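Student: I have a model open and want to go through it piece by piece. Can we start with the ligand and work outwards?

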Amino acid sequence: MEEMKVTKFPEGFLWGSASAAYQIEGGWREDGKGITNWDQFVRIPGKTYKATTGDVAVDHYHRYKEDIALMAEMGLKTYRFSVSWARIYPEGRGEVNPKGIEFYENIIDECLKYGIEPMVTIYHWDLPQALVDLYGGWESEEIIEDYVNYAKTLFKAYGSKVKYWITFNEQNIFTSLGWLTAQHPPGKFDDQKTFYQVNHHVFMAHAKAVLAYREMGGTGKIGASFAYTPSYALDCKPENVMSKHDYDELKNFWWMDVYAYGRYPKAAMNYLRKKGFAPVVTKDDQKILKAAAAEIDFMGVNYYQSCVCEYNPMDGVTPYGTMNTTGVKGSAQVLGVPGIYKNPGNPYLMTTDWDWSIDPVGLRYCCREITSRYDLPIIISENGLGAFDKKTEDHKIHDEYRIDYLREHLKELGKAIEEGCEVLAYCTWSFTDLLSWLNGYQKRYGFVYVDREEEEGATLDRYKKDSFYWYQDVIKQDGENL
Ligand code: BG6
């Protein structure tokens with residue numbers, strides 16, 4: 001296709017940035033908050049990098065005014081953040097905690113004061129531990145009602161002020177790491193049957209929350225955020241091209257098709273049936289998923305990297321191996337599913353210190369695929385570079401590598417828009433530095449540097465990085481200077 005020139009981003013485009021409660025708030029036991037699955041999990045030796053926790057995180061709980069004032073200074077149009085379920089319902093259900101409601105109300109009001117559109121993620125991985133103790137959390141379908149009740153509480157409390165709702169952040173990631181690789185709570189390994197059933201429960205919770213939002217008269221926009229890793233076939237060898245197709249069905253369309261069409265991809269479902277891993281899906285469930293699919297307003301995309309697919313023989317690599325959580329380049333292993341695909345590195349792309357490929361065109365590919373397959377508007381709910389940043393003696397952070405990364409991704413996003421994709425928002429990950437679930441505080445993503453290391457005790461003071469001023473200018477010029 002003819003090379004497109006990037007022109008102005010659309011009128012009202014939401015230039016944004018994102019965060020998640022557990023990764024920024026701290027205040028883990030304050031004002032009646034309940035204990036979450038993550039509060040427990042991080043205390044298991046060996047689970048997180050240097051045993052880091054979100055107990056204090058970057059203390060956003062106490063410094064949200066300072067952080068939102070920085071967002072206003074930058075000119076941010078939207079701020080995506082998540083609500084911690086255990087602040088609203090310390091036990092996951094039952095009595096609402098007024099202090100929790102008040103905290104997020106304050107955040108929303110603070111955003112609105114500066115004309116920043118709040119974008120609320122209802123679930124970004126921190127689950128009240130009480131529900132895990134009661135019935136096994138996402139493993140039980142009982143959770144669907146509790147999640148919907150929690151979501152309705154948020155719709156009721158904030159519905160008049162919040163116009164953008166994300167039901168779930170990266171369902172594909174928290175379930176994979178929770179039930180396949182044991183790296184997230186509940187730390188189960190290779191439990192494929194439960195993995196697919198858990199996912200079905202999450203889909204049902206998502207669908208019922210979307211329908212509840214509409215029943216309650218919600219006129220804002222609602223959808224889910226998917227961690228989309230688009231794939232390229234290694235070459236034109238037919239079995240490698242088929243491995244890409246299989247990968248897409250099992251790793252991408254398995255989620256996006258349910259959100260957008262309300263049904264699972266057929267070949268993947270047949271494969272899982274043969275393996276004995278397919279979830280139990282009733283006729284009623286199918287109706288509900290379809291009804292909700294007709295109501296979603298956008299596909300949320302968290303994009304970090306693309307991957308390559310190559311046929312993987314039956315005696316080939318498995319899905320389980322070392323993941324790079326240290327920032328020591330080259331320590332990640334090639335993984336895959338025997339008999340289907342494996343994901344070797346892409347020789348055309350550079351990688352980050354955590355071995356994630358850097359591929360701006362992949363972001364455009366995501367938008368194009370979603371537009372042609374689902375014809376839905378898109379919210380880029382996360383995109384960013386995790387890197388080691390250094391603060392100089394005069395308190396400057398020269399993160400030109402992050403500027404390069406974001407600029408190149410935004411250029412490709414601009415092309416996707418030119419090519420016909422309807423993109424509503426672009427949120428970088430992240431606004432301030434924050435806790436990376438498994439990689440500690442040393443893997444930094446923010447525009448704002450936070451003075452803290454893995455150990456507690458530093459000042460937690462905020463410093464604007466070079467990328468802060470760069471993004472400020474991009475917003476001011478609506479992307480014309482990219
Ligand atoms: C996404 C999550 O997976 O990527 C974020 O939604 C996360 O919560 C981000 O922090 C970056 O991942 P990581 O592992 O580098 O922190």
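Student: How many residues surround the ligand, and which are the closest?

Tutor: This is a predicted model. In it, 15 residues surround the ligand, and the closest are Q23, E170, S436, K443 and Y445.

Student: What distance separates the side chain of Q23 from an oxygen atom of the ligand?

Tutor: An N or O atom in the Q23 side chain is 2.8 Å from a ligand oxygen. W437 also has a polar side-chain atom 2.8 Å from an oxygen atom of the ligand. For N439, an N or O atom of the side chain lies 3.1 Å from a ligand oxygen.

Student: And how much of the ligand does the protein bury?

Tutor: The protein buries 92% of the 380 Å² that the ligand exposes when taken alone.

Student: OK, now the fold. Which strands make up the barrel?

Tutor: The closed barrel has eight strands in the order β1-β2-β3-β4-β5-β7-β11-β12, and the pairing is parallel. From one strand to the next, the twist averages 25°.

Student: Take one pair. How many bridges join β7 to β11?

Tutor: Four bridges join β7, residues 299–302, to β11, residues 378–382, and the two strands run parallel. Within this pair, V301 stands opposite I380 in β11.

Student: What does helix α13 touch on the sheet?

Tutor: Helix α13, residues 360–374, packs on the sheet and touches β7, β11 and β12. The direction of α13 makes about 145° with that of β11.

Student: Where is T352 relative to α13?

Tutor: T352 is in the loop between β10 and α13.

Student: Is T352 buried or exposed?

Tutor: T352 counts as buried because its relative accessibility is 9%, and the cut-off for buried is under 20%.

Student: What does T352 contact, leaving out neighbours within four places in sequence?

Tutor: T352 is in contact with K329, I358, L385 and G386. A polar atom of the T352 side chain also lies 3.0 Å from the backbone nitrogen of W354.

Student: Different spot. Where is E105?

Tutor: E105 is in helix α5, which covers residues 98–113. At 22% relative accessibility, E105 counts as partly exposed.

Student: Which residues does E105 touch, not counting those up to four places away in sequence?

Tutor: E105 touches A157, Y158 and K161.

Student: And how far apart are the C-alpha atoms of E105 and S17?

Tutor: They are separated by 19 Å, with E105 and S17 being 88 residues apart along the chain.

How values were computed: Residues numbered from 1 in each chain as written. Predicted model: local features only at pLDDT ≥ 70, side-chain atom pairs only at ≥ 80, totals over all residues. Heavy atoms only, no water. Pairing = 2+ DSSP bridges. Axes fitted to C-alpha atoms, helices over the stretch in contact; angles between N-to-C directions. Contact = heavy atoms within 4.5 Å. Buried < 20%, exposed > 50% of the residue type's maximum accessible area, 1.4 Å probe, protein only. Polar contact = N/O pair within 3.5 Å; in protein donor to acceptor, adjacent residues only side chain to side chain. Near = heavy atom within 4 Å. Areas by Shrake-Rupley, 256 points an atom, 1.4 Å probe, with all protein chains shown as cover.
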